[in-house]
Amino acid sequence: MGGLFWALGLLPGLLLAGPGQAPPKLSPAPPAAQPRPPATLPADVELLPGPATLPVTGVFTLAFRLRGGALDKYSEFPELESFKKSGKTSTTTTRIVQGRRFSDLTITQRYVPYGEGEIIIKPFQLTVNGVVLRSKGATVRVVPAAPPNPGAITKPANPSAPLQAVADLDKMFGKPKPVLYEERADHAFLAVVADRPRVFVGEGVRVGLYFYLKPEDQALLAFHDFNDQLPPLLHELHQPTAWQEPGPEPSVTPDTVRHLGQKYLRFRLAENLYYPLTDQPLRFPALALTMVKFKLLKKPEPGQDNRLAGYKTYTSPGIVVAVQPLPLAAPGGPLAVGRFTLQEAISRTKFRVGESFTYTFGVAGPGNLSAVLAPVVAPWPGLDVYGPDVREEPAPGGGRKLFRYRLVARRPGVLPLDSLLQLVVFNPAVARYEVLRPGLRPLVQGVVATVEPLARPEDDPFYGPALAGADTTMQSLDVYRDVRRYADWLLIGLAGVAAFGWWRAGRRA
């Protein structure tokens, strides 16, 4: 019956359409409104202030933490008075709660204090993904460094075993049955590695803190609270008797290396380059890192979290890098230590008397470029020296440093650059001093440049007659003071006339 009534209702429209017209189209019913997906919640950003008290050998940190979102852009950390920036670290912490994975990103800026005392940090603000984080400022107290405490870290009964402690997170995860889980052995370990066991004073040594993990053990371990564990580890790596250059930032992407013939994944937690300033050895203490270790379910069930989380602490043995003093037969003066090679260049091939040319003298290779000072050109009759202009091209563990001089020769002959310029360095590879001298001896051609006397003003065709006809009457030194006084009286008179005119105009109105 419903279909019959629908056909009768459609019949008048078909009759009115006529033979040349198409029947009217039925518009489809509008689709039912679909529920909108819930809006994505903005990422949670918070500012992490630094410690209120730290030793003079410690590191002050400012950081921000981004939860539940990707980092787009952020403004630079502020410059703090009485502190020097010492590199940034980026840490990603992954938490697994009831089978769900949460990631936190923390960007930390490190500062090294210049000295002891109370330092006032002024208010500042950071912008992270468009969110403005404001700090009201604080007061940081920098105290003297505490003496080292060798017994601060409890060593295991078996030094070869990295396992220190294991604690189940039963209370956090709601009392599962531990008997259903089994703990599998892992082959991970923490190590402080130096690229050489002995260095000279001023020679660089690269020291890194690494966590080694076999590829098949990735499902058993995860980083735990790495943002809070990293600053104390960096503090322990600090050396008060060495010039320290920060290396690359910690990376969550591991490198594949070979250790004792086996394949490992190596996570770089910290890496620095140290240049000893004294002959005291560099001592790196034992360090501890706590990881999350999972027990696996004996009979895995689909759709369930088949792991039970717990803690495991790994300890790295301490190392000592011996420092040898330099030989006593030093040529004198400050010198650089490194395996440097000489680099030189000159701007032309033909040299004339009175024409300037540039000469570049520099070094390249592994070593501390900050200790390479510009050599002084010895005085030479008839040679004018300008500069140098310094250009430094740093590279990991060394680089290149060039000094560009501009020279003008006033006399012809051979220019003995090897006698005028030299640089003394200590080569630790052969344990002896080396003197780097130029290998170029340009030949200057021409005649001795004579200095022509300056022309007298009386001989000039314009200034000569002008000076001859100039007035030689002495002028008073107070003439400008009198002109200023007359100008002041004139301005006062004009102001009076203007006031009188304004008064007359007001009376007429």
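This is a predicted model: local features need pLDDT of at least 70, side-chain atom pairs count only at pLDDT 80 or more; totals for chains, interfaces and linings use all residues.
## Salt bridges

Across the whole structure, a search finds 20 salt bridges. One of them joins the side chains of Lys-293 and Asp-186, with a distance of 2.8 Å from N to O. This pair connects distant parts of the chain, since Lys-293 belongs to strand β20 (residues 287–297) while Asp-186 sits in the loop between β11 (181–182) and β12 (189–194), 107 residues apart. Both partners, Lys-293 and Asp-186, are buried.

In the salt bridge between Arg-400 and Glu-393, the N to O distance is 2.8 Å. Here Arg-400 is partly exposed at a relative accessible area of 27%, and Glu-393 is partly exposed at 30%.

Salt bridges also occur in a linked arrangement, in which Glu-46, Arg-65, Arg-67 and Asp-104 form a network.

## Aromatic pairs

The search of the whole structure also finds 20 aromatic pairs. Among them is the pair of Phe-211 and Tyr-314, which is edge-to-face, with 5.3 Å from centre to centre and 75° between the planes. Because Phe-211 lies in strand β14 (residues 205–213) and Tyr-314 in strand β21 (residues 307–316), this pair ties together parts of the chain that are 103 residues apart in sequence. Phe-211 is buried, its relative accessible area being 1%, and Tyr-314 also counts as buried, at 0% relative accessibility.

Another edge-to-face pair is formed by Phe-426 and Tyr-433, whose ring centres are 5.1 Å apart and whose planes make an angle of 65°. Phe-426 is buried with a relative accessible area of 0%. Tyr-433 has a relative accessibility of 18%, and it counts as buried because this value falls under the 20% cut-off.

Phe-211 and Tyr-314 also take part in a cluster, in which ring pairs link them with Phe-223, Phe-226 and Phe-267.

## Charges over rings

## Helix α3

Helix α3 covers residues 226–237 and thus has 12 residues. From its first C-alpha to its last, α3 reaches 16 Å, which is close to the 16 Å expected at 1.5 Å a residue.

The buried residues of α3 are Phe-226, Asn-227, Gln-229, Leu-230, Leu-233, Leu-234 and Leu-237. When the helix is seen down its axis, these buried residues fall within an arc of 155°, so they line one face of α3. Phe-226, one of these buried residues, is also a member of the aromatic cluster that contains Phe-211 and Tyr-314.

Notes: Residues are numbered from 1 along each chain as its sequence is written. Side-chain values use heavy atoms; hydrogens and water are left out. A salt bridge is a side-chain nitrogen of Lys or Arg within 4 Å of a carboxyl oxygen of Asp or Glu. Helices (H or I, at least four residues) and strands (E, at least two) are DSSP runs, numbered from the N terminus. Buried means under 20% relative accessible area, exposed over 50%, partly exposed in between (1.4 Å probe, protein chains only). Rings of Phe, Tyr and Trp (its six-membered ring) pair if their centres lie within 6.5 Å; planes under 30 degrees apart count as stacked, over 60 as edge-to-face and the rest as tilted. The expected span of a helix is 1.5 Å times one less than its number of residues. The arc is that of the directions from the helix axis to the C-beta atoms.
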